Amino acid sequence: MSRAQSSHGPSRPPIAFVVLAAIAVVFFLLPLIGLLARTPWSDLVSLLASEVVADALVLSAIASFAAVTISTVVGVPLAWVLARVDFRGRALVRGLVLLPLVLPPVVGGAALLFALGRRGVVGEPLYEATGLVLPFSIWGVVIAVTFVSMPFLVLTVEGALRNVDVRFEGAAASLGAGGWTVFRRVTLPMIGPSLAAGMVLTWARAIGEFGATVTFAGNLAGETQTLPLAVFVALETNRDTATALSLLMVAISLTVLVLLRDRWLRPQ
Amino acid sequence: MAASTLRYGRLRVVSAVAVIGFLLTSCGGSSDASDEVRVSAASSLSLAFAALGSAFEALNPGVDVVLNIGGSSLLREQILEGAPVDVYASASTDTMAPIVDGGLSDGNATVFVRGFLAIAVPAGNPAHVTGLDDFGNEELLIGLCDVVVPCGAYARQVMSRAGVEPAVDTNEPNVRSLLTKIEAGELDAGIVYMTDVRSASGGVEGIEIPDAVNVAADYPIAVIVEGPNTVGGRAFVDFVMSGVGQEILAGFGFVTP
């Protein structure tokens with residue numbers, strides 16, 4: 001974390017910036033301190049060693065990585081279209097991508113229910129044709145967390161694409177490279193760090209998702225209960241379990257974020 | 001050149017997203033008007049307490065009743081953590097107990113109203129649910145409140161009295177979210193309060209649970225001593241217990257204890 005400073009940064013940051021930055025750090029640190037202060041350290045292992053916790057952990061891992069995968073597969077092309085293709089209604093499409101950020105997650109979950117539920121606009125024909133019910137299943141969890149987290153990927157990658165010098169792509173194309181080759185060999189390496197950052201943000205949002213998940217997919221231990229849902233239920237009965245679970249989530253997320261930052265997001 | 005603009009662009013987007021996220025998730029500020037009475041009430045009381053609040057405001061010009069609606073146990077946790085609340089109305093004596101035991105209430109809590117449970121099905125009862133026995137049917141999509149909230153604990157009492165092992169598909173965090181899923185037709189049946197069926201404006205139909213297995217839910221209310229306006233809180237509780245207050249509650253299907 002501390003190694004980047006020396007060679008190319010500005011020599012001395014304004015003192016006001018340092019003070020304000022410190023305030024921001026404290027603001028983020030305080031809730032963590034509160035959590036640590038309430039953590040029942042001696043019972044930590046026994047509180048976490050339960051089947052419910054293991055199930056929630058596995059489900060959260062599956063759902064969050066599925067969200068990142070789906071978001072990357074469809075979100076990168078969407079970001080490319082938004083950044084490179086000038087079409088009527090582009091502002092509207094971009095607004096649509098922002099929708100999950102604007103909607104309270106619970107409302108987003110209800111909207112998904114009205115669209116993709118068994119009686120939903122799309123869900124009903126789907127159910128009648130295939131018998132597939134998306135809510136109350138792992139599919140519901142994946143859909144809910146993907147809906148809420150994908151905007152982070154699209155916005156990050158679109159921003160990066162807009163800042164790529166298109167002359168490199170033009171040069172590659174003029175040398176005979178096809179569209180896909182240009183994207184893979186020229187564009188992708190240039191937006192690589194941003195793509196990684198977008199994937200990490202998407203993962204982080206997905207792993208913490210609560211509102212849309214509980215509203216669209218419901219809450220059943222071993223089926224649709226992710227870690228945040230388990231925390232919520234535990235908070236109502238056993239605060240020690242809730243605290244221990246929250247600490248587990250913070251530990252996992254911090255580990256992943258810090259490791260990824262060192263490996264892929266290092267400024268070049 | 002390309003590299004530095006790229007980095008700048010990424011930073012800009014990331015920070016913009018972070019700022020938007022922060023703005024969207026942070027809650028509004030609170031005001032400290034002394035003429036406010038802050039009432040934390042269980043989800044199942046939301047409509048009745050909205051009516052009680054309006055009536056109380058009409059009788060006491062200048063007084064504002066601020067409702068904090070949520071699952072009883074979540075509201076309890078907020079109060080235990082020092083939330084500035086004047087009145088706590090819970091859906092069970094169990095959830096109220098830690099407040100009274102912890103000395104946070106002004107004296108004992110009073111049971112101000114009683115409610116019974118009912119089966120709720122979507123309008124038209126598409127799955128042809130007839131009674132509690134259907135809750136054991138694996139084919140149906142069945143929802144209950146989670147056992148940690150009162151409506152879930154009561155529902156399980158009813159189930160065990162009826163001798164049915166429910167094939168639950170979701171344990172909802174509160175009765176409102178359970179009703180949303182039933183109203184949307186996503187669940188075939190659930191167990192809610194009779195008052196919820198009555199107030200659900202056509203989207204939900206009720207099926208009675210036989211008296212022999214039904215459970216009476218006692219709703220206790222208490223003034224919170226550390227609240228910012230205990231005088232107002234006491235006045236509100238007196239109003240809830242009064243004839244006028246009880247009449248309003250009866251209009252929502254609650255029974256005077």
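Which handedness does the crossing of α3(A) and α9(A) have? The crossing is right-handed, where right-handed means that the near helix is turned clockwise from the far one by less than a right angle, and left-handed anticlockwise. This is a predicted model, in which local features need pLDDT of at least 70, side-chain atom pairs count only at pLDDT 80 or more, and totals for chains, interfaces and linings use all residues. Residues are numbered from 1 along each chain as its sequence is written, chains are lettered from A and ligands numbered from 1 in the order in which they are written, and side-chain values use heavy atoms, without hydrogens and water.

**Helix α3 against α9, chain A**

- α3(A) packs against helix α9 (residues 179–207) of chain A at an angle of about 140 degrees, with the axes 9 Å apart; axes are lines fitted to C-alpha atoms, for helices over the stretch in contact, and angles run from 0 to 180 degrees between N-to-C directions.
- That angle makes α3(A) oblique to α9(A) (under 35 degrees is roughly parallel, over 145 roughly antiparallel, 65 to 115 roughly perpendicular, the rest oblique).
- Residues in the contact (heavy atoms within 4.5 Å) include A:F65, A:V68 and A:W80 of α3(A) and A:F183, A:M199 and A:W203 of α9(A).
- By class, this contact has eleven nonpolar, five polar and no charged residues (Ala, Val, Leu, Ile, Met, Phe, Trp, Tyr, Cys and Pro are nonpolar, Asp, Glu, Lys and Arg charged, and the others, Gly among them, polar).

**Helix α3 against α7, chain A**

- Helix α3 (residues 51–84) and helix α7 (residues 138–162) of chain A pack at about 40 degrees, with their axes 6 Å apart.
- α3(A) is therefore oblique to α7(A).
- The contact of α3(A) with α7(A) has 22 nonpolar, five polar and three charged residues.
- α3(A) crosses α7(A) in a right-handed sense.

**Chain B**

- Chain B holds nine helices and nine strands, taken as DSSP runs numbered from the N terminus (helices H or I, at least four residues; strands E, at least two).
- Of its 257 residues, 51% count as buried (under 20% relative accessible area; exposed is over 50%, partly exposed in between; 1.4 Å probe, protein chains only).
- Among chain B contacts between residues at least 6 apart in sequence, 76% join residues at least 24 apart.

**Disulfide**

- One disulfide is found over all chains (a pair of cysteine sulfur atoms within 2.5 Å).
- B:C145 and B:C151 form a disulfide, with their sulfur atoms 1.9 Å apart.
- The link of B:C145 and B:C151 is left-handed, with -100 degrees about the S-S bond.
- B:C145 counts as buried because its relative accessibility is 0%, and B:C151 is buried at 5%.
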